[in-house]
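Hi,

Here is the model I said I would pass on.

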Amino acid sequence: MNRREGVMNQRNGNNGLSRRRFLATTVAASAALSAPAALGQGRPRVVVVGGGAGGATAARYIARDSKGAVDVTLVEPTRAYYSCFFSNLYIGGFREYASIGHSYGALAASHGINVVHDWAVSIDRDKRSVGLAGGGSLSYDRLVLSPGIDFKPGSVPGWDLSQQNRMPHAYKAGSQTQLLRAQIEAMPEGGVYCMVAPPNPFRCPPGPYERISMVAHVLKQANPTAKILIVDPKAKFSKQGLFEDGWQRHYAGMIERIGPDFGGDKVEVRPGAMEVVIDGEVTKVDACNVIPAQQAGRIAAVAGITNDAGWAPVVAHTMQSRADENIHVLGDASQQGDMPKSGFSANSQAKVCAMAVRGALTGSKVFAARFSNTCWSLIGTDDGVKVGASYEATDEKIAKTDGFISKTGETAEVRKATYKESLDWYAAISGDMFG
Amino acid sequence: MTARSTAFAGKSPSFRAAVGLLAAALLALLPALGAWGSDAERGKALFKQCKRCHQAGSGAEHRIGPHLNDVFGRAAGSLGDFRYSPAMKAAGTGGLIWTGATLDAFLSDPRALVPRSRMSFAGIGEQGDREDLLAWLRGFSGAVSELPPAEPTATAEEYGLDPRLLSIEGDPEYGAYLAGECTTCHREGGSGEGIPSITGWPSDDFVIALQAYKRGKRVHPAMQLVAGRLSDEEIAALAAHFRDAGDQP
């Protein structure tokens, strides 16, 4: 099927009217802010789909730095954003649930962004218009897609979305995260927590292993004879040396990891019976966290800009889709090169994208793209580690230029300082996204 | 001596309220306490950890933090020509006056007394250290006829930097774009124990800090990575941007 033919296009008289009404509202709101230099129907329009680290940052930077010259609409279905980053710390009891939740209020009130709580369900690339589940449509001069990830159907035999309450993924933060924490707390004495880890590439490479650390931290206090089983299709994982050293120091004897050499890549789950079958051998578990294989959030495929692997290839200099220069793709959904799929990366890419979009639409100055990323992970109380790198744009990809990683054997003081850094980073990136 | 440690050991909100009320009473007591055994010369050495941001003495200017001349008796956040954090201004408006007692409480745990203060400092745990430091600082308050000259917050020589690096005129527009890489971690107008605010820093302090990271003379893996690929012009551009950056709403 040609995806672009299958698109809904719902521009009719009613929508035209609401479009004018919407513009009038935006003008009034912007005038009240006394900021904008250029107003009116001639304003170029940017639609951003997805209000996470990529989309919220891009919307905020385009609106803020264009000072009202660009009309920015953010389409995001949820009213409150719960960040995946730091959701493990909630599972470990280091953060309150409310502390990882954020509202879109300041983006609307301080930056004049039109925040539309709806799902984008179609994209007409010829007419440059986004169709919404609620029935409306939004036209754009530039579209920014930052939809995060969706799961590849069938990647873990026996698991699908209908089973996510028995075996949560907790890999899109929110109710799933709360559910997983409750299931860990409800485990019987000496019970088994199992994680089915995802294959590469996936969101937040150290995330599953930080989660293991946080689950171990909780169980060590509340249920010290409990066991943790990781079923992993990958031979290696991010920060492996740091995590394994930390697990030995904090949670000796509690964690077992089955890699592909022992059948970790041949797993099936039976949610009804709470069983995990590893290379034909059945194991009974008490809590089971299934993190399936991933691909770009579905709207990217609907737009017809993804490759066979399910990701959206982009031009590193501007984050423009290689299939459509009017569309930029940010964060986890993009296939950009060397950067890990992380909130930090998405935030970094959003700033390059915002500059490119403003340059194209308003003629503002464009500078060379540069990117950076740091991922902090918490292993135990005050035991933080980090990995970071800087990147530049080449014609081929986003290419790593330099990097660093925490070392085993660092003093407790260094680890505590690293953890405190991560707390400040969380506050900073939240402000950078949501104002 | 123990009077202060028992009275101010707590960090509860009621403690913060109590500070204001007790301050006046304790003000009278403090000179005597100082006279009992505080070591101002030792305090001068302890001030080294403050002087990356603060100046005190004749010719003292605002740098990353406000100058500390005549700080005793002054309302918090009250110098009109320094850009304080909103939290520090509010504390002053709410009645916080800097006295021996309140400064001692602040230095003990800055964020317990003024939450969301921009001062990036974890605090001084030892009461004796705080007393000696305050004894030295007290010499810069009141009717003092001749103050020693203020020492600079940071110098190019300290890190073996070419002083010409400080005279590069940066492009603020380029700095505004480059700043995007900073604000993922350094909250605009914010504060933290782990990652300091860099909003409103004087250009010289900013350039010296980044050049020192760039050349490995200040040690922090993330900062060395970020600064390592910034050119001298880019560092100047960032300095120009953050010097003028206002607080975000």
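B:Trp98 is buried in this predicted model, because its relative accessibility is 7% and buried here means under 20% relative accessible area, with exposed over 50% and partly exposed in between (1.4 Å probe, protein chains only). B:Phe106 is buried too, at 6%. A search over all chains turned up 26 aromatic pairs. One of them joins B:Trp98 and B:Phe106, a tilted pair at 5.0 Å centre to centre with 45° between the planes. For the cut-offs: rings of Phe, Tyr and Trp (its six-membered ring) pair if their centres lie within 6.5 Å, and planes under 30 degrees apart count as stacked, over 60 as edge-to-face and the rest as tilted.

B:Phe206 and B:Phe242 make a stacked pair, 5.6 Å centre to centre and 20° between the planes. This pair links distant parts of the chain, with B:Phe206 in helix 10 (residues 203-214) and B:Phe242 in helix 12 (residues 232-244) of chain B, 36 residues apart.

As for housekeeping, residues are numbered from 1 along each chain as its sequence is written, while chains are lettered from A and ligands numbered from 1 in the order in which they are written. Since this is a predicted model, local features need pLDDT of at least 70 and side-chain atom pairs count only at pLDDT 80 or more, whereas totals for chains, interfaces and linings use all residues; side-chain values use heavy atoms, with hydrogens and water left out.

Chain B has twelve helices and zero strands, where helices (H or I, at least four residues) and strands (E, at least two) are DSSP runs numbered from the N terminus. Of the 249 residues in chain B, 50% are buried.

Over in chain A, ring pairs tie A:Phe85, A:Phe86, A:Phe344, A:Trp376, A:Trp425 and A:Tyr426 into a cluster. A:Arg95 sits over the face of A:Tyr426, 4.9 Å from the ring centre. A:Lys341 does likewise over A:Trp311, at 3.8 Å from the ring centre. The rule for that is NZ of Lys or CZ of Arg within 6 Å of the ring centre and within 35 degrees of the ring normal.

Helix 9 (residues 343-362) of chain A is worth a look. It has 20 residues and spans 28 Å from its first C-alpha to its last, close to the 28 Å expected (1.5 Å times one less than its number of residues). Because 17 of its 20 residues are buried, helix 9 of chain A is largely enclosed by the rest of the structure. Just after this helix, A:Gly363 has a positive phi of about 80°.

Now the cavities. On a 1 Å grid over the protein atoms alone, a cavity is a set of points where a 1.4 Å probe fits but cannot get out, and lining residues have an atom within 4 Å of a point. Grid points are joined across faces, edges and corners, and a volume is the space filled by probe spheres set on the points. How many cavities of 30 Å³ or more are there? The count is three.

The largest cavity has a volume of about 90 Å³. Its lining includes A:Ser348, A:Arg370, B:Tyr177 and B:Glu181. Helix 9 and strand 23 (370-380) of chain A, plus helix 8 (172-178) and helix 9 (180-183) of chain B, each supply at least two lining residues. By class, that lining has four nonpolar, four polar and three charged residues; Ala, Val, Leu, Ile, Met, Phe, Trp, Tyr, Cys and Pro count as nonpolar, Asp, Glu, Lys and Arg as charged, and the others, Gly among them, as polar.

The second largest cavity comes to about 40 Å³. Among its lining residues are A:Phe86, A:Glu210, A:Trp376 and A:Tyr419. Strand 23 of chain A gives the largest share of that lining, three residues.

Lastly, some backbone points to check. Most residues other than glycine have a negative phi, and most peptide bonds are trans. The bond from A:Asn200 to A:Pro201 is cis, with omega near -10°. A:Lys239, not a glycine, has a positive phi of about 55°, and A:Met319, also not a glycine, has one of about 65°. A:Lys239 is buried at 6% relative accessibility, and A:Met319 is buried at 0%.

Cheers

Terms used:
On a 1 Å grid over the protein atoms alone, a cavity is a set of points where a 1.4 Å probe fits but cannot get out, and a pocket is an open set with protein on both sides within 12 Å along at least five of seven lines; lining residues have an atom within 4 Å of a point.
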